[in-house]
Amino acid sequence: MPFAATGGLGDVLGSLPAAIKAELGEEGDVRAVMPLYSAVSDAWRAKMTKVMEFDMWLSWRNQYCGVYSLVKDGVTFYFIDNEYYFRRKALYGEYDDGERYAYFCKAVLEMLCRMDWKPDVLHAHDWQGAMSIVYLCRKYRLVEGFYGIKTVYTIHNIEYQGKYDTNILSDVFEMDWADMGLMEYGGCINLMKAAIVCADRVNTVSPRYAEELLGGENAHGLSHILNVYAYKFSGILNGIDYEYYNPHSDPAIVEKYNSTTAVEGKTVNKLALQKATGLPERGDVPMVALITRLATHKGLDLVAEVAASLLREDIQLVVLGKGEEKYERFFLELEARFPDKMKALIQYDRDLSKRIYAAADVFMMPSKSEPCGLAQMIASHYGTFPVVRETGGLYDSIKGYWYHDGIIEGNGFTFANYSADELYERTLAAVAVWRDADIRARFTEKIMTTDFSWNASANRYIDLYAGI
Ligand code: GLC
């Protein structure tokens with residue numbers, strides 16, 4: 001973000017480098033590298049300067065590599081240019097992703113070889129970045145200035161590991177057969193596993209998810225290796241970008257508001273969204289929203305189970321997202337059944353998502369697993385009551401509502417079991433709190449002022465770097 005993004009990882013890599021730079025001040029020199037995807041707009045390209053170009057071997061292939069750069073929020077961004085690899089319709093999900101990211105990771109190191117500047121820490125993300133750490137450790141240590149570079153590897157979602165047939169170890173990844181022991185896991189090449197082994201520190205995006213992974217829950221087969229390396233493994237909760245997600249100044253929303261004007265402000269946004277989507281224009285009806293990739297692990301089977309019952313109440317339901325076809329079809333059919341109460345917007349649209357965060361009253365996020373999750377924090381910051389399952393980063397960021405002696409505790413509605421009944425019950429509990437005008441105003445103010453900014457997390461990363 002803002003150059004190219006498909007989800008939460010894009011958000012994080014858009015804001016974390018600048019947050020670290022802001023915390024480090026003058027002392028810090030933070031640089032980030034990404035592929036020059038075709039999605040990067042001409043407007044951004046016009047701001048770049050070309051830093052270098054070279055030819056690079058990867059196994060038997062010889063490829064052009066251009067490096068462009070620009071500075072944003074004090075961070076120097078580098079873009080690796082190769083149209084054969086990065087001029088594609090999608091960022092990833094291509095048949096040759098293994099080769100594309102091997103190329104990218106090697107290009108990062110080749111670029112550094114040609115620069116006067118060397119980093120103290122190389123920090124790589126997810127399986128796409130894994131090989132930069134592996135190549136550094138296995139091939140580049142003797143390059144001048146590289147010996148002391150420390151490495152941090154962050155797992156944003158352990159479900160996607162970069163698994164390939166062992167046959168392509170040397171042909172695609174340019175690794176020696178002697179590295180099979182490092183690269184192989186469970187019968188495949190596993191890029192994430194190799195980075196876990198090589199990195200000085202490994203972390204994931206919430207403390208709870210780190211515990212779950214060590215305990216074998218949601219670990220997708222990598223629990224064993226994480227336990228072996230548990231001494232260097234931790235969890236650091238993400239934040240959200242308070243400039244981009246700010247209901248007080250957000251250009252995407254109809255009526256700006258802050259924590260004291262939220263009740264009126266959100267009503268104006270709701271009426272506008274109802275008008276735009278053809279739902280009955282009523283400020284007094286609670287609007288429940290779901291904004292997510294339509295993937296099973298987001299808990300959509302639970303939503304599917306309870307949606308019709310919820311829609312028998314006096315509520316409206318707005319769904320935004322695309323993904324698995326069965327869920328797209330399910331929500332479209334639901335809209336056909338409840339045309340006056342339900343809207344299925346099968347698309348990925350960031351501005352529209354912000355209009356929904358601003359308009360809705362209750363936000364459902366019943367994920368089966370959730371490494372961190374950003375949507376619950378965004379919802380909260382826009383004064384929309386989050387209803388979440390207690391897993392991963394949802395557990396770490398949202399604590400259950402509790403009212404006693406006139407005091408309100410918590411910042412959302414949570415449930416423990418992966419159960420449709422619990423989702424149903426907590427969603428209605430959130431609606432009931434919303435219907436109480438006095439408590440609604442107080443609770444909205446409370447959740448909007450919960451701190452989900454990057455400051456704290458950026459400092460945890462700085463501590464991690466300092467520690468190595
Ligand atoms: C992945 C995870 C999500 C996390 C994001 C940023 O998309 O699935 O939970 O918030 O990465 O770290």
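Helices here are DSSP runs of H or I at least four residues long, strands are DSSP runs of E with at least two, and both are numbered from the N terminus. Please keep in mind that this is a predicted model. The tour begins at the ligand, moves on to the sheets, and ends with some backbone details.

**The ligand and its surroundings**

- Which residues surround the ligand? The list is G8, L9, V12, H156, N157, V205, N238, E370, P371, C372, G373 and L374.
- By type, this shell is made up of 6 nonpolar, 5 polar and 1 charged residues.
- Two domains contribute to the shell, with at least three residues coming from each: domain 1 (8-239 + 455-467) and domain 2 (262-448).
- The side chain of H156 has an N or O atom 2.6 Å from an oxygen atom of the ligand.
- For N238, the distance from a side-chain N or O atom to an oxygen atom of the ligand is 2.8 Å.
- In the case of N157, a side-chain N or O atom lies 3.3 Å from an oxygen atom of the ligand.
- How much of the ligand does the protein bury? On its own the ligand would expose 310 Å², and the protein buries 92% of that area.

**The sheet of six strands**

- An open sheet is built from 6 strands with parallel pairing, and its order is β14-β13-β12-β15-β16-β19.
- At the edges are β14 (342-345) and β19 (413-415), each of which pairs on one side only.
- On average, neighbouring strands in this sheet are turned by 15 degrees against each other, ignoring direction.
- Within this sheet, strand β15 (residues 362-365) runs parallel to strand β16 (residues 385-389), and 4 bridges join the two.
- To find this pair in the 3D view, look for F363, which stands opposite P386 in β16.

**The sheet of four strands**

- Another open sheet has 4 strands in the order β5-β6-β10-β11, also with parallel pairing.
- Its edge strands are β5 (121-125) and β11 (233-235), and each pairs on one side only.
- How many bridges link β5 and strand β6 (residues 150-155)? The two pair in the parallel sense over 5 bridges.
- L122 stands opposite T151 in β6.

**An antiparallel hairpin**

- As background, strands of a sheet pair through backbone hydrogen bonds, and the pairing can be parallel or antiparallel.
- Strand β2 (residues 49-58) and strand β3 (residues 61-72) show antiparallel pairing, over 9 bridges.
- E53 is placed opposite G66 in β3.
- The hairpin of β2 and β3 has 2 residues between the strands, and S59 takes a positive phi near 55 degrees there.

**Backbone details to look for**

- Most residues other than glycine have a negative phi, and most peptide bonds are trans.
- D126 is not a glycine, yet it has a positive phi of about 55 degrees.
- Where does D126 lie? D126 belongs to helix α5 (residues 126-139).
- The peptide bond from M1 to P2 is cis, with an omega near 5 degrees.
- P2 is found in the segment before α1 (8-24).

Key: Residues numbered from 1 in each chain as written. Predicted model: local features only at pLDDT ≥ 70, side-chain atom pairs only at ≥ 80, totals over all residues. Heavy atoms only, no water. Near = heavy atom within 4 Å. Polar contact = N/O pair within 3.5 Å; in protein donor to acceptor, adjacent residues only side chain to side chain. Areas by Shrake-Rupley, 256 points an atom, 1.4 Å probe, with all protein chains shown as cover. Nonpolar A, V, L, I, M, F, W, Y, C, P; charged D, E, K, R; others polar. Domains from an automatic or database assignment. Pairing = 2+ DSSP bridges. Axes fitted to C-alpha atoms, helices over the stretch in contact; angles between N-to-C directions.
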